[in-house]
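Hello,

I am passing this structure on to you, along with some notes on what turned up in it. Please have a look at it first and then read on.

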Amino acid sequence: MSNSVEQIISPEWIIPVSHNGKRQLEPLQDYSVAIDKHKIVAIKPTKILLQEYQSESHLSLPGQALIPGFVNCHTHAAMSLFKGLSDDLPLMMWLENHIWPAEKKWVDDKFCEDGVTLAIAEMLLSGTTCFNDMYFQPNMTAKVAQTVGMRAMVGMLVFDFPSVWGSGWEAYLKKGLSLRDDYKHSDLLSFAFAPHAPYTVSDEPLSKIATLSNELSIPVHMHIHETAHEVKESLSEYGKRPLKRLQELGLVNPNLIAVHMTQLQRNEIEMIASHGVSVVHCPQSNMKLASGISPIQDLLTAEVNVALGTDGNASNNDLNMFSEMKTASLLSKVYTGSAQACSAKETLYAATMGGARALGLEETCGSIEVGKAADLTAINLDTLQAQPMYDPVSQIVYTAGREQVSHVWVNGKLQVAEGKLTTMEHQKLLHMAKSWRNKIQTS
């Protein structure tokens with residue numbers, strides 16, 4: 001007698017990414033996945049699985065690959081409403097003269113609610129099922145993600161200076177931890193301390209965050225060594241490089257999610273490798289702002305866990321993990337002078353399981369394994385641009401685009417079907433985005 005489950009998915013290929021802690025990026029052909037109560041309950045050859053399980057919802061996807069949903073490990077989701085604002089400027093000029101003044105004028109709960117909603121829609125349509133966010137009004141990020149049904153790590157933002165979110169670092173921490181308590185029973189939301197950067201957060205709050213992170217096992221999500229200017233300023237003010245300062249403050253440990261890391265010396269790579277730090281690579285944003293190139297192959301060789309992030313829509317200008325993967329791999333090859341650097345398999349791993357590991361969610365998502373949440377993305381490889389098909393992983397990283405995403409599940413819930421959002425209204429989102437454009441542009 002067969003077991004009844006909520007869903008069965010039968011693609012042409014399943015790419016598990018990981019199995020029992022070991023990388024498994026070789027495609028499984030003619031396998032199916034059974035889903036019940038939000039979780040993956042079986043992965044078996046299709047003929048065998050259909051003998052053992054039955055479902056009223058059986059989706060056959062010939063010519064398609066099923067992968068773990070992408071984990072976008074660094075975003076400023078609400079900044080989607082600033083997409084294309086003041087392009088083609090270096091980081092500090094862009095921030096100080098354009099973005100920070102725009103934020104001061106426009107950012108509030110409504111701005112962040114609408115911006116996060118727009119960002120989640122874009123991410124879902126691009127195959128992303130989990131994102132790690134750092135921005136003002138994290139209460140709205142949490143609210144929207146929970147309502148829509150998107151997995152998210154919500155950053156408890158910290159600056160030295162006051163903003164619309166708080167009067168200072170103590171207020172930021174208090175409000176962030178209170179928000180975390182509000183969602184402690186959520187199966188979609190987790191929380192990280194999010195001190196913005198070494199140049200915007202002083203020693204006292206960073207020491208406090210280090211203590212709380214250790215006591216509560218909460219990750220710390222932070223921009224670090226993003227530009228040469230940042231390092232130079234740190235040497236001038238503190239007499240040491242930012243990473244050394246963070247180490248002395250107790251933050252360099254497995255809880256640290258270090259974003260950008262374009263300015264790294266050999267001893268710093270060894271330091272983060274020995275302390276279990278995860279690095280988030282944001283190649284397109286770094287290129288657009290001319291911030292530098294993170295030495296990803298050196299990090300991989302040192303066995304540092306590497307994840308991928310898009311950064312915010314204002315500095316990328318998309319939340320597309322397909323283009324991020326291809327850019328990451330090609331940039332590493334030209335940077336190292338080796339065509340073998342940052343292979344397709346390493347890149348797909350970084351975009352899925354690498355991100356899950358960085359967020360401490362490796363037992364929840366990042367791979368297709370029994371017992372994990374059904375966070376899944378189906379990619380149609382039965383297209384002219386994807387043919388002929390020799391290696392599905394290579395095609396996904398080097399050829400496929402987000403327009404080939406056909407179906408997306410988050411926690412077992414179908415969020416995208418046949419390339420269309422199932423729970424969000426396309427025309428309503430378009431109208432909302434254009435309304436904000438009109439307000440910001442004419443101000």
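Over the ring of which residue does the charged end of Lys175 sit? Over that of Trp165, 3.9 Å from its centre. The charged end of Lys439 sits over a ring as well, that of Trp436, at 3.7 Å from the centre. Here a charge sits over a ring if NZ of Lys or CZ of Arg is within 6 Å of the ring centre and within 35 degrees of the ring normal.

Before the rest, some housekeeping. This is a predicted model, in which local features need pLDDT of at least 70 and side-chain atom pairs count only at pLDDT 80 or more, while totals for chains, interfaces and linings use all residues. Residues are numbered from 1 along each chain as its sequence is written, and side-chain values use heavy atoms, with hydrogens and water left out.

Now to the aromatic rings. Rings of Phe, Tyr and Trp (its six-membered ring) pair if their centres lie within 6.5 Å; planes under 30 degrees apart count as stacked, over 60 as edge-to-face and the rest as tilted. By this rule there are nine aromatic pairs. In one of them, the ring centres of Phe70 and Phe322 are 5.1 Å apart and the planes are at 85 degrees, so this pair is edge-to-face. The pair links distant parts of the chain, with Phe70 in strand β10 (residues 70-75) and Phe322 in helix α12 (residues 321-336), 252 residues apart. Helices (H or I, at least four residues) and strands (E, at least two) are DSSP runs, numbered from the N terminus. Phe70 counts as buried because its relative accessibility is 0%, and Phe322 is buried too, at 1%; buried means under 20% relative accessible area, exposed over 50%, and partly exposed in between (1.4 Å probe, protein chains only).

Tyr135 and Phe136 also form an edge-to-face pair, 5.1 Å centre to centre with 70 degrees between the planes. Tyr135 is buried at 5% relative accessibility, and Phe136 is buried at 9%.

Next, the strands. In β16 (residues 278-281) both faces are covered: Ser278 and Val280 on one side, and Val279 and His281 on the other, are all buried. Strand β15 (residues 256-260) pairs with β16 in the parallel sense over three bridges, and Ile257 stands opposite Ser278. Two strands pair if DSSP finds at least two bridges between them. From β15 the chain crosses through helix α9 (residues 266-274) to β16, and this β-α-β crossover is right-handed, meaning that, with the strands pointing away from the viewer, the path from the first strand over the helix to the second runs clockwise. β16 also pairs with strand β17 (residues 305-308), in the parallel sense over four bridges, where Asn305 is the bridge partner of Ser278.

Last, two loop residues. Asn317 lies in the loop between β17 and α12 and is buried, with a relative accessible area of 19%. Its side chain makes polar contacts with the side chains of Asp87 (3.3 Å) and Lys288 (3.2 Å); such a contact is a pair of N or O atoms within 3.5 Å, where within protein one must be able to donate a hydrogen and the other to accept it, and residues adjacent in sequence count only if both atoms are side-chain atoms. Ser217, in the loop between α6 (203-216) and β14 (220-224), is exposed at 59% relative accessibility.

Best wishes
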